[in-house]
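Subject: Structure for your review

Dear colleague,

Please find below the structure that I am handing over to you. A description of what was found in it comes after.

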Amino acid sequence: FLMAATDPQVLALAAQVTESKEQDIPLLLLKLKGILSSPSLGCEESNKIKQDIYDYGLTQYCLLVLKRDHSQLCGAWATAAQLAEILSHCCVGLEVKEDPEEFYEKFLPSAIDSLLVLGKRLQARFIRAIKDKEKQDFLHWFEIVTDAICWLFGGHIQLAACVLQNDRFLQLLITDDVETAIIMMSVLHNILRINSSVLLQVEEEILHSVLDELVYKLSSTTNPAVGSAATKLLLLVAKFCKQLVQLLTARYKGLKGLLSKQWTGKGFDRELNQLLDLLYLEQSDGKGEMQKQHQAACIIQAAWRGFQTRKRLKKLPQAVITLQRSFRAKREQELQHLTKQKEEEALKLQMQLQRQRAMRLFHERQLALLEVVHASQVNKYMEEMEEKSALTIQRFWRGYRARRIFHQQKQSLKEYKAAIIIQRAACKFLEKRRRRRPLSPWKEPKGLTDEQRLALQQKVDDYIRLHPASQMSEETSKELHTQAQAKLAQFLLRSRLDQRAAQRREALLAQVNTDVELLMNAPGLAETTEKDLGAFMSRSIPVATKARQTHNTMLKYSRWPWWKKLGDEFMEDDVIPDDAINTELETLFIGGRK
């Protein structure tokens, strides 16, 4: 039934939006403007078409497009402004019967927020624009968006409070630009005209912010258009409720003097006089004193504003320089980020192409090999290739897992090695203390009892009886003794001769090594002095030099820090390791030993 009653243009457009790409959807949604503005439609038919547009989700599509980055849309800000106008026209006159809470409590406030965000962006770009054509375009689009906001809360009165409570509305109103300020004050005028009680519905802080901005515009500008719009707004507020007149009189003491002195004769005297009459009606009996106070307050405020303005103008060049520096730094950072991102994307693409090329070459090589291999050997060849591939994958996986486990256990391994060093040092210390511990006095073993003595004697007698000693004559014993003495004397004589020969060989070897070292370290013939000749002519000078070097090495070793001698801390005090001496001398011969 729904398909039969649906407008064919809406149905066709919904199908196109569903099947189109994301970047083409905004241009398709612009066709809704022609559908809604058809002259042949009546009121009921127009509402029916709006209901069909909402049912098919085209209104939601417009809202989603407005939430995107408008600079990337096809048509940019012009398209966004037209979509804002279409969204407001689609929502006004629409009565949702199915799930009305979703429409009135969620969709409409979200639409208001999106339109205000769009207006804020257009206002910022209008202020930054330099060329007149750009400023005219942005101002025109800003007017379209504000008209769409006014049309939307004009059709749904409850949205007036939502607009006024939105922080972005206050941001749009608080501006020094004349054109956009006048447009936003006209929007505020429409809100008060449509729903005058909205000022009593909003929070007190928001009400004060709006009134502060209107009074500030009257005090800070001399533009008649801005002054007229602000005066009309204050008059509308004062006419609505006497409580607001009291608020204006109590909160802004010098407002009457400001209005009468600065804005008289500017072309809107009728509205100005009406506002002054309302304000003077609330003035107390001490009118002259209050006027003096108001005048004094105005003079103080004028002096203070002049001081603040001069102070701000003095700081303006430095602020501009700082702002430009930060802007250039941010732009440079963004450019570097974009360049890096492009390089990474290019690298990824290049790696992907290399992988694809390598895979293609691999498959081509496999096909070439399969053409060479006999048909009966194809299965065997494929099994071998699968096995090799599996082994390669396993090898790489095991290597990766081993490296990951090693990095995870690196700290534990360092702690384990440190514990081993500490344990080794502690063991050496305990061993050294155990060796130095004095021996306990000797204790006489316990004596044997009579029974144990008899049993031991019985064992000795049995062993002697089983193993009788061989009998030897006295002459044989003497002869064996004489032979042993002769062999012992011969051995001692030979060992003494061998020892002397060994000592002589070691002495000759040490002398040769010393001579070789002297020759290798000797200067050239052109640089030789008499002192160098004395080193070769006297044997005592090299020995004294070696002794001096050894002594210096021992002194250096004794002055080492404790952490450098940690491994040798628990050695004997009179023992100096050979590697400490060899560290300085590399090869040292002392007393004929290497």
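The model is a predicted one. The protein chain contains 25 helices and 0 strands. It has 594 residues, of which 27% count as buried. Among contacts in the chain with a separation of 6 or more, 70% are between residues 24 or more positions apart.

Helix packing

In general, a packed pair is characterised by the angle between the two axes and by the distance between them.

Helix 12 contributes Val-178, Ile-182, Met-185, Leu-188, His-189, Leu-192 and Arg-193 to the contact, and helix 15 contributes Ala-225, Val-226, Ala-229, Ala-230, Leu-233, Leu-236 and Val-237. Sorted by class, this contact comprises 12 nonpolar residues, 1 polar and 1 charged.

Helix 12 also meets helix 14, with axes that come within 13 Å and cross at roughly 135°. The two helices are therefore oblique to each other. Helix 12 passes helix 14 in a left-handed crossing. On the side of helix 12 the contact is made by Ala-181, Met-185 and Leu-188, and on the side of helix 14 by Val-210, Leu-214 and Lys-217. In this contact there are 5 nonpolar residues, no polar ones and 1 charged.

Helix 14 (residues 204–220) packs in turn with helix 16 (residues 242–251), at an angle of about 60° and with the axes 12 Å apart. That angle makes helix 14 oblique to helix 16. The crossing of helix 14 with helix 16 is right-handed. Leu-207, His-208, Leu-211 and Asp-212 of helix 14 touch Leu-244, Leu-247, Leu-248 and Arg-251 of helix 16. The residues of the contact divide into 5 nonpolar, 1 polar and 2 charged.

Leu-173

Leu-173 lies in helix 11 (residues 167–173). Its relative accessibility is 0%, so Leu-173 counts as buried. Neighbours within four places in sequence aside, Leu-173 is in contact with Met-184, Met-185, Leu-188, Val-210, Glu-213 and Lys-217. Met-185 and Leu-188 also take part in the contact of helix 12 with helix 14, as do Val-210 and Lys-217. Glu-213 is 40 residues from Leu-173 along the chain, and the C-alpha atoms of the two are separated by 7.7 Å.

Helix 5

Helix 5 (residues 43–55) is made up of 13 residues. From its first C-alpha to its last, helix 5 reaches 18 Å, close to the 18 Å expected at 1.5 Å a residue. Its buried residues are Ser-46, Ile-49, Lys-50, Gln-51, Asp-52, Ile-53 and Tyr-54. Just after helix 5, Gly-57 adopts a positive phi of about 80°.

With kind regards

Definitions and conventions. Residues numbered from 1 in each chain as written. Predicted model: local features only at pLDDT ≥ 70, side-chain atom pairs only at ≥ 80, totals over all residues. Heavy atoms only, no water. Contact = heavy atoms within 4.5 Å. Helix = DSSP H or I, 4+ residues; strand = E, 2+ residues; numbered from the N terminus. Nonpolar A, V, L, I, M, F, W, Y, C, P; charged D, E, K, R; others polar. Expected span 1.5 Å × (residues − 1). Buried < 20%, exposed > 50% of the residue type's maximum accessible area, 1.4 Å probe, protein only. Axes fitted to C-alpha atoms, helices over the stretch in contact; angles between N-to-C directions. Parallel < 35°, antiparallel > 145°, perpendicular 65-115°, else oblique. Left-handed = near helix turned anticlockwise from the far one by under 90°.
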